[in-house]
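Welcome, and please open your viewer.

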Amino acid sequence: MPAPGAGIVLGWEDPCAKCEEVLQPFLDRELDEDERAEAERHLDACGYCRKRYVFEERVRMFVRQAVVEEMPPGLKAKLSALRTPL
Ligand SMILES: [Zn+2]
């Protein structure tokens, strides 16, 4: 029985080993037809990977948008402040 609260911090279920193996190439469209079908089957069956997938897709969308759209100066300053090493 999992410890109470385990996995709740990120709102995800148990991490899945398949996730790392399948999700990145799937997101990067690097899979052939068979591998892609297998990845889709896994996403259907695995709640963890499905959430990861939705999350990663959102991150990618955000990154694409951030590149295209000019960032507000306030946010830009905030981000570069975060990047400054301590
Ligand atoms: Zn999975």
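Helices (H or I, at least four residues) and strands (E, at least two) are DSSP runs, numbered from the N terminus. With that in hand, trace the protein chain along its sequence: the pattern reads α-α-α-α, with 4 helices and 0 strands. What you have open is a predicted model, in which local features need pLDDT of at least 70 and side-chain atom pairs count only at pLDDT 80 or more, while totals for chains, interfaces and linings use all residues. Residues are numbered from 1 along each chain as its sequence is written.

**Stop 1: the whole chain**

Colour by burial. A residue is buried if 20 or more other C-beta atoms lie within 10 Å of its own, exposed if 12 or fewer, and partly exposed in between, with C-beta atoms placed from the backbone. Of the 86 residues in the protein chain, 10% count as buried. For contacts, the rule is that two C-beta atoms, placed from the backbone, lie within 7 Å. Among contacts in the protein chain with a separation of 6 or more, 65% join residues 24 or more positions apart.

**Stop 2: the core**

Now select C19, V22, L23, F26, A39, L43, C49 and Y53: these 8 residues form the largest nonpolar core (a set of buried Ala, Val, Leu, Ile, Met, Phe, Trp, Tyr and Cys residues joined through C-beta atoms within 7 Å). Helix 1 (17–27), helix 2 (33–45) and helix 3 (47–68) each give two or more residues to this core. The largest share, 4 residues, belongs to helix 1. Click on L43 next: leaving out residues up to four places away in sequence, L43 touches C49, R50 and Y53.

**Stop 3: V22**

Is V22 buried or exposed? V22 is buried, because 24 other C-beta atoms lie within 10 Å. This residue sits in helix 1. Beyond its neighbours within four places in sequence, V22 contacts A39 and H42.

**Stop 4: helix 1 against helix 2**

Show helix 1 and helix 2 together. Their axes come within 10 Å and cross at roughly 125° (axes are lines fitted to C-alpha atoms, for helices over the stretch in contact, and angles run from 0 to 180 degrees between N-to-C directions). To finish, select the residues that make the contact: K18, V22 and F26 of helix 1, with R36, A39 and H42 of helix 2.
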